[in-house]
Amino acid sequence: MGIKSKVISDTLYEQAQASLKKVGRGSKAGHRLQAIISAKRHGITAVARIYDITRATLMSWIRRFEKESTEGLR
């Protein structure tokens with residue numbers, strides 16, 4: 001298991017979980033929310049590998065979700 005991400009606050013984590021319930025897992029935003037939620041527990045590097053994306057991409061998703069909520073992930 002990777003190192004817990006300090007980039008994702010507990011509040012952001014909870015917001016991501018609530019948003020995932022609203023948008024569902026099948027959408028593009030849902031897929032990205034799942035990655036953000038997983039990164040809180042398992043670390044950005046590990047999740048980026050599993051999702052086959054770069055760390056920069058995952059960080060971009062996190063920043064966009066922080067600023068624009070799910071609209072930033074569409």
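Predicted model: local features only at pLDDT ≥ 70, side-chain atom pairs only at ≥ 80, totals over all residues.

Biologist: Which residues are buried in α3?

Modeller: In α3 the buried residues include I44, V47 and A48. They sit on the same side of α3, because the arc they cover around the axis is only 100°.

Biologist: And which residues are exposed on the other side of α3?

Modeller: R49 and I50 are exposed there, on the other side of α3.

Biologist: What covers the buried residues of α3?

Modeller: The cover includes α2 and α4.

Biologist: What follows α3?

Modeller: α3 is followed by D52, which has a positive phi, near 55°, and this is a residue other than glycine. D52 lies in the loop between α3, residues 44-51, and α4, residues 55-68.

Biologist: Is D52 buried or exposed?

Modeller: D52 has a relative accessible area of 71%, so it counts as exposed, the cut-off for that class being over 50%.

Biologist: Where else is phi positive in a residue other than glycine?

Modeller: S69 is such a residue, with phi near 60°, and it is found in the segment after α4. S69 is partly exposed, because its relative accessible area is 35%, and that class lies between the buried limit of under 20% and the exposed limit of over 50%.

Biologist: Changing topic, at what angle do α1 and α4 pack?

Modeller: Helix α1, residues 10-23, packs with α4 at an angle of about 85°, and their axes are 11 Å apart. The two helices α1 and α4 are therefore roughly perpendicular to each other, since angles of 65 to 115 degrees count that way.

Biologist: Which residues make the contact?

Modeller: From α1 the contact is made by L12, Q15, A16 and S19, and from α4 by I62, F65 and E66.

Biologist: How many of the residues in that contact of α1 with α4 are nonpolar, polar and charged?

Modeller: The residues of the contact between α1 and α4 divide into 4 nonpolar, 2 polar and 1 charged.

Biologist: Why does Q34 count as buried?

Modeller: Q34 counts as buried because its relative accessibility is 18%, and the cut-off for buried is under 20%.

Biologist: What is Q34 in contact with, leaving aside its neighbours within four places in sequence?

Modeller: With those neighbours set aside, Q34 is in contact with L20, R25 and Y51.

Terms used:
Residues numbered from 1 in each chain as written. Heavy atoms only, no water. Buried < 20%, exposed > 50% of the residue type's maximum accessible area, 1.4 Å probe, protein only. Contact = heavy atoms within 4.5 Å. Helix = DSSP H or I, 4+ residues; strand = E, 2+ residues; numbered from the N terminus. Axes fitted to C-alpha atoms, helices over the stretch in contact; angles between N-to-C directions. Parallel < 35°, antiparallel > 145°, perpendicular 65-115°, else oblique. Nonpolar A, V, L, I, M, F, W, Y, C, P; charged D, E, K, R; others polar. Arc of directions from axis to C-beta.
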